[in-house]
Amino acid sequence: MAEPERRAMLERYSANVRTNHWIVALLFVLAALSGLALFHPALYWLSALFGGGPWTRILHPFVGVLMTIAFVLLAAAVFKDNLMEPRDWLWLRRFGDVLRNREDELPEVGRYNAGQKLIFFVFVVTLVGLLLSGIVIWRQYFSGLFPLGAVRFASLAHAFFAFVLVIAIIVHVYAAIWVKGSLQAMIRGRVSAGWAFKHHRAWFRERLSHAASSRARPD
Amino acid sequence: MALESQDIVRRSATTTPPPQVRHAGAAPVAKLIDTSKCIGCKACQVACMEWNDLRDEVGTCTGVYENPLDLTPSSWTLMRFAEHETEAGDLEWLIRKDGCMHCADPGCLKACPAPGAIVQYANGIVDFDSEHCIGCGYCITGCPFNIPRISEVDRKAYKCTLCSDRVAVGREPACVKACPTGALVFGTKDDMLEHAAERVEDLQSRGFENAGVYDPEGVGGTHVLYVLHHADRAEAYSGLPQNPRISPMVELWKGITKPLGLAGMLVAAFAGFLHYLRVGPNEVSDEDERAAARAIDEEMGNG
């Protein structure tokens, strides 16, 4: 029973990435709540959180733009590790096993698994779509520059992209609740060796050989 | 909003029936604009700004008759002048009093996200309650006639009220009262349609064979009607749409998208809950930690 003391920890997210992530997360929550208030009458009461209807209307686009800027910085930091690789498609085909917590038979996973990578690209696409359509429907500064048909199309597109993003965020948040240790990784930045071994073995081996070749001491 | 507050048949961004106990007494009203009688004197514009206490900024003369050049937050009605050449080569001056058409199926109200900012009374008038307006401009997006305008000062949307305050106490709109030629008439919609039919018959007997009433079905009919000498060429009247309707994109955005979108989000969240309930969390076991430790020992030992 000496294992717990011997448990090695790996750094997964730097302090900068963690900070950036939680800034994006906070801004997303604000953008989503204010956006939902304007999306469906049943949720209009959420506008009270922002100081009423006019303030919700004023703040929402600024929050959205800030979120997009923060996300661009975050995305640039993790982009390379989120490119799909051949083994990812095999992993995806076995997604039933993933859902049943049977990872032992699956191909080894690098820093991110195929699900995380796809979610990442959904974030990228929806945020670009939200930014562009959001500018067109930003009445105070920009809508007058566009024909009415474009404003109508952008209104629909904005709702669509927002819907897809919210669904993706629900999946993202649930995955963090489901896979124990993930949330801790994004809060404290570190994961146990066992966590890396179980969920991201290719990344684990990579880190290990890197550590070995640089002659770092064990532990 | 005292008495009218009890005969509201539609209210923006509201999913329960609005107060409408006085519904039974109200007959649908209409303002009839007979373009064949209009002389373009703009008395209606003056009466509108006088009754509604509106004073638009004084603009500049650009060499056309329109003044101001477009509807604004404080110019709710506007004479538009179009030079039209008939097939016979005659020049006609088509003058149309532009403003809110008070659609039976109002695109502005459908698009509005602020509860109660746009209401429709039992008499058919579509009114903006500016106190509830949040200034998003969705009414502009929803309107098939491009009527609402947002003020640069208070960021509220404004448009013709059909003098709902006057109509509520049994008076005609200010523009109608001021019209010197009888081009503007106000009454119940039935009476106005009857009157319009007589006017159309008269125009047809004078050689305007395509004269007709403009009461577009695509928006459920309107509570502002036109008599047009060329009902087949509505566009010739400074771009009056021939077959206006709420844009299908707005219908989709404000129709099925709303309940479906909300349901989709709830289902996704509930699916997550069910997965946790039935499959449970994915946890790292002691065996995983031991396997990782062995891998570390091997690698570092051999390194």
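These legends walk through several close-up views of a predicted two-chain model. Residues are numbered from 1 along each chain as its sequence is written, while chains are lettered from A and ligands numbered from 1 in the order in which they are written. Because the model is predicted, local features need pLDDT of at least 70 and side-chain atom pairs count only at pLDDT 80 or more, whereas totals for chains, interfaces and linings use all residues.

**View 1. Chain A, a chain with 10 helices and two strands.** Here helices (H or I, at least four residues) and strands (E, at least two) are DSSP runs, numbered from the N terminus. Start at the N terminus and the elements read α-β-α-α-α-α-α-α-α-β-α-α. The C-alpha trace of chain A spans about 65 × 35 × 35 Å along its principal axes. Of the 219 residues in chain A, 34% are buried; a residue gets that label if 20 or more other C-beta atoms lie within 10 Å of its own, is exposed if 12 or fewer do, and is partly exposed in between, with C-beta atoms placed from the backbone. Two residues are in contact if their C-beta atoms, placed from the backbone, lie within 7 Å. Among contacts in chain A between residues at least 6 apart in sequence, 67% join residues at least 24 apart.

**View 2. Chain B and its two domains.** Domain 1 of chain B covers 4–246, and domain 2 covers 257–302. Those bounds come from an automatic or database domain assignment. The C-alpha centres of the two domains of chain B are 59 Å apart.

**View 3. The open sheet of chain B, with four strands in the order β9-β2-β11-β10.** Two strands count as paired if DSSP finds at least two bridges between them, and the pairing in this sheet is mixed. The edges belong to β9 (184–188) and β10 of chain B; each has a single partner strand, so one side of each is left without a neighbour in the sheet. From one strand to the next, the twist averages 25°. Helix α6 (residues 189–205) of chain B packs on the sheet and touches β2, β9, β10 and β11 of chain B. The direction of α6 makes about 135° with that of β9(B). For these angles, axes are lines fitted to C-alpha atoms, for helices over the stretch in contact, and values run from 0 to 180 degrees between N-to-C directions.

**View 4. Strand β11(B), covered on both faces.** Five of the five residues of β11(B) are buried, so this strand is largely enclosed by the rest of the structure. V224(B), Y226(B) and L228(B) sit on one side, with L225(B) and V227(B) on the other. Look at the neighbours next: β2(B) and β11(B) run parallel, joined by four bridges, and D34(B) has V227(B) as its bridge partner in β11(B). Strand β10 (residues 212–214) of chain B runs antiparallel to β11(B), with three bridges between them. On that side, V213(B) stands opposite V227(B).

View 5. A cis peptide bond, with omega about -5°, joins N67(B) and P68(B). A13(B) isn't a glycine, yet its phi is positive, about 50°. S238(B), another residue other than glycine, has a positive phi near 50°.

**View 6. Where chain A meets chain B.** The contact takes 50 residues from chain A and 48 residues from chain B. On the chain A side, the elements giving two or more residues are α1 (3–6), α2 (15–39), α3 (53–78), α7, α9 (193–199) and α10 (201–213). The largest share, 14 residues, comes from α7(A). The chain A side divides into 29 nonpolar, 12 polar and nine charged residues. In this count Ala, Val, Leu, Ile, Met, Phe, Trp, Tyr, Cys and Pro are nonpolar, Asp, Glu, Lys and Arg are charged, and the others, Gly among them, are polar.

**View 7. Helix α7 of chain A against helix α8 of chain B.** Helix α7 (residues 148–178) of chain A packs with α8 (residues 257–278) of chain B at an angle of about 10°, their axes 10 Å apart. The two helices are therefore roughly parallel to each other, a term for angles under 35 degrees. Residues of α7(A) in this contact include F163(A), I167(A) and W178(A), and those of α8(B) include G261(B), G264(B) and A268(B). The residues of this contact divide into 12 nonpolar, five polar and no charged.

Note on methods. Angles under 35 degrees count as roughly parallel, over 145 as roughly antiparallel, 65 to 115 as roughly perpendicular and the rest as oblique.
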